[in-house]
Amino acid sequence: MRSPVRDGYREVNRAGWQRLAARGVESSQPVSRNDLAYAHAWLDPDDWLPWARIATVLCLAAGGGQQGPLFASLGRHVTVLDLSAAQLERDRATAAVHGLAIETVQGDMLDLGALRPRRFDLVWQAVSSLYVPDVRRLYREVASVLEPGGLYRVEHCEPAAMQLAPRRPWDGRAYRLARPAMPKRDVWSDHAGGVLWQYRHSLEDLLGGLCDAGFAIVRVAERSAPTLGDEPGSYEHVSRYLPSFISVLARYEAGRRP
Ligand SMILES: C[S@@+](CC[C@H](N)C(=O)[O-])C[C@H]1O[C@@H](n2cnc3c(N)ncnc32)[C@H](O)[C@@H]1O
C-alpha cells in the first residue's frame, strides 16, 4: 500500500528535478560535440570498465543529456531511466542533435519492473542514491536487470559529507558535522529553487548492502574537487578536509551467498 511519507520522495523529487532542469543546472547541461570526443575519459576516468564486453548499458537516474549520449557515441545500446521527464527530454534532444539512438524510460530507480525481463551488461548510475530512502532496495532492483557477471558502476555521496552543517559548515577553524549519523534522517534541501528530499546512507548500507545483494566489489575510489580551493564552504575547500563522493564498481554474481 502506498504511504505519503514513505513514497513522498518520488513526487517531491520529480517536481524538484523538473524545476532544476528548467533552470538548466549543471546536471541538465547537454554534452557538446566536443565532449563526445572525450566520452571514454568522461564515463570511465579510472579505466575500470572492460569495454569490449559491454554492449548494452542502462544509464540509471542519469538523465540530463550527458551519459546516455556519451555511451551511444561509443556504439553502445543505451537505455536511460530517470524520474524526471524534463531530464529525459534533454537526452532525447541531445541524441537527436548528434544523430545518436537512445531509449528513454521515465521511472523510479526503486522499481525497475518496467525494464524486466531485460538484462544489461552494465548499469551506470550517476550520483543519485541520495534521492531515495532505501539503497538496499535499489541494489536488489539493479541486480534484477543485470546479466549474471554484469557490472554496476555507481557513485554516491560520502555519508560524512552529508553530515556537514547546512549553513555555515566552516566555523573559522574546522568543518562542523552538525547532522547526526544515527538515526538516519531525511534531509531537506532547497537547491537552486528546487526542493529535494535527500537521504544519507551509511557506509554499511552503501558497501555492505552491495555484498548482501549478491555483488562482489571490484573497485572503490573516493572523489574530491579536482583542484583545492580557499573559499570556506566551497566544494574545493571542503575537499581539503573530506572527499565528497565515493565511486564503486561491482560485479553481479547471480546466486552468490556472501
Ligand atoms: C545529479 S543528477 C545525475 C544525472 C546527471 N546526468 C549528472 O551527471 O549530473 C540526479 C538525477 O537523478 C534523477 N532522480 C532523482 N530521483 C530519482 C529516482 N527516484 N529514480 C530515478 N531517477 C531519479 C534526477 O531526475 C536527476 O536526473
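Is Arg92 buried, exposed or partly exposed? In this predicted model, Arg92 is partly exposed, because its relative accessible area is 38%, which lies between the cut-offs of under 20% for buried and over 50% for exposed.

**Arg92 and its surroundings**

- Arg92 sits in helix H5, which spans residues 85–97.
- The side chain of Arg92 makes a polar contact of 3.1 Å with the side chain of Glu89.
- Leaving aside residues up to four places away in sequence, Arg92 is in contact with Ala85, Ile102 and Thr104.
- Leu130 lies 38 residues from Arg92 along the chain, and the C-alpha atoms of these two residues are 25 Å apart.

**Helix H7: buried side**

- Helix H7 covers residues 203–212, and its buried residues include Asp205, Leu206, Gly209 and Leu210.
- Viewed along the axis of H7, the buried residues fall within an arc of 115°, so they line one face of the helix.
- Among the elements that cover the buried residues of H7 are helix H6 (135–144) and strand S5 (146–157).
- Strand S8 (215–223) and strand S9 (245–252) also contribute to this cover.

**Helix H7: opposite face and end**

- Glu204 and Asp212 are exposed, and they are carried on the face of H7 turned away from its buried side.

Note on methods
Residues are numbered from 1 along each chain as its sequence is written. This is a predicted model: local features need pLDDT of at least 70, side-chain atom pairs count only at pLDDT 80 or more; totals for chains, interfaces and linings use all residues. Side-chain values use heavy atoms; hydrogens and water are left out. Helices (H or I, at least four residues) and strands (E, at least two) are DSSP runs, numbered from the N terminus. Buried means under 20% relative accessible area, exposed over 50%, partly exposed in between (1.4 Å probe, protein chains only). Contact means heavy atoms within 4.5 Å. A polar contact is a pair of N or O atoms within 3.5 Å; within protein, one must be able to donate a hydrogen and the other to accept it, and residues adjacent in sequence count only if both atoms are side-chain atoms. The arc is that of the directions from the helix axis to the C-beta atoms.
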